[in-house]
Amino acid sequence: PDLLPPPPPNMTVTPEKTEYLIGDTVSILCAAPPLKGKIQGFQFSGTSGWAVDVRTTRRTYTYRFNVTGPKDGGSHACTYTVVNQFRRTVRSQESKAVIISVKDHPPRPTLLLRSSSSITVEGQPLVFLCTAPAGDAERRFRFYKKKVEVVGGAEVTSGSSEAQLRLVESNRNSSGNFTCGYEEKTEGRWIPSYLSQAVEILVKEPASAPRLAVEPRAGVVSESYPLRLTCAASRDDFRLRFRFYRNGVEIPAGAEPGSAGNSSELLFPRSPRGFSGKFSCQVEEDAGGTWVAAPRSEAVEVTVKGKSRP
């Protein structure tokens, strides 16, 4: 009998609850039975893989921990070690297991960007909608960028199951991954949900002015001869539309330009009489459903010469 493991300890858990919430403090008391040998310590373990080894000569020990999630639940047990009459350290039989049930975090919400594109231009607003699953509990929402809560320069409006974040004017620092979450009031305590999937935002600097080229290159064309204007955008990150101007006035829509990639061409098969002037062009970018105009190109002087007499 002296070679058998010592009898198991008694283990109790306080407070006694059917289900524990995130943030609860749980106390596990492990008490060794009366023995002749000297106690060396206690060992606590859980089915989630954690284990704690405590050095003490007392016959009881209380291990406390805060519940952070489902991983803290499951089956828990304890043992103790003692020095027997042969001066050997032996571990006791395991206590009767205690099952701890942990209420999980509320489910993750859904985060959507209220825009047709996650790429935009500085100065444009960003609007996010965070929607939680249906439920009757009281909730409060939070938005995060790179895991830091968004507070400055933001407007947040909340309802019972959704909230909206509006960044009035985005800038380059607005680029990054956005997430959202909510807290649900349970038994007088605010329990945080899992975070939503991330939405990645890229905010680009405003486009620079396009470049306007004319043909003939000299900018001098005879009346009734073709005149070609080509406007080249500085980039093609967005859907584009082009406008052409003569002496600061937009050329009527009847002379529709033809676009290809990041450039557009306006061709006059026969240059009208008196069509001389300063020509320029402008590019507008579709930044998430909003057309954002770049500065106009530098003006190019065009002279239309009358027909020479024989």
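Ser224 sits in the loop between β20 and β21 (227-232). Helices and strands here are DSSP runs (H or I over at least four residues for helices, E over at least two for strands), numbered from the N terminus. Phi of Ser224 is near 75°, a positive value in a residue other than glycine. Ser224 is buried, with a relative accessible area of 19%. Buried denotes under 20% relative accessible area, exposed over 50%, and partly exposed the range in between (1.4 Å probe, protein chains only).

The model is predicted; local features need pLDDT of at least 70, side-chain atom pairs count only at pLDDT 80 or more, and totals for chains, interfaces and linings use all residues. Residues are numbered from 1 along each chain as its sequence is written, and side-chain values use heavy atoms, with hydrogens and water left out.

The protein chain contains zero helices and 28 strands. Its radius of gyration is 37 Å, well over the 19 Å that the globule rule gives for 310 residues, so the chain is more spread out than a compact globule. The radius is taken over C-alpha atoms, and the rule is 2.2 Å times the number of residues to the power 0.38. Along the principal axes, the C-alpha atoms fill a box of roughly 135 × 45 × 25 Å.

Of the 310 residues in the protein chain, 41% are buried. Among contacts with a separation of 6 or more, 65% join residues 24 or more positions apart. Contact means heavy atoms within 4.5 Å. The chain exposes about 17900 Å², and carbon and sulfur atoms supply 48% of this area. Accessible areas come from the Shrake-Rupley method with a 1.4 Å probe; for residues, only the protein chains shown count as cover. The chain carries 41 positive and 32 negative side chains, and the centres of the two sets lie 5 Å apart. Lys and Arg count as positive, Asp and Glu as negative; His and the chain ends are not counted. Each charge is placed at NZ of Lys, CZ of Arg, CG of Asp or CD of Glu.

An unreviewed UniProt entry places the feature "domain: Ig-like" at residues 9-79, 109-180 and 210-303. UniProt positions follow the numbering used here, feature names are shortened, and annotations may be inferred rather than shown by experiment. Residues 9-79 are 0% helix and 55% strand, and the end C-alpha atoms of this stretch are 6 Å apart.

The bond from Thr14 to Pro15 is cis, with omega near -5°.

Thr25 belongs to strand β2. At 43% relative accessibility, Thr25 is partly exposed. Beyond neighbours within four places in sequence, Thr25 contacts Thr14, Pro15, Phe65 and Asn66. The C-alpha atoms of Thr25 and Thr56, 31 residues apart along the chain, are separated by 22 Å.

Lys146 has a positive phi of about 50° although it is not a glycine. Lys146 occupies the loop between β12 (139-145) and β13 (148-149). Lys146 is exposed, with a relative accessible area of 56%.

Ser280 lies in strand β26 (residues 277-287). Ser280 is buried, at 9% relative accessible area.
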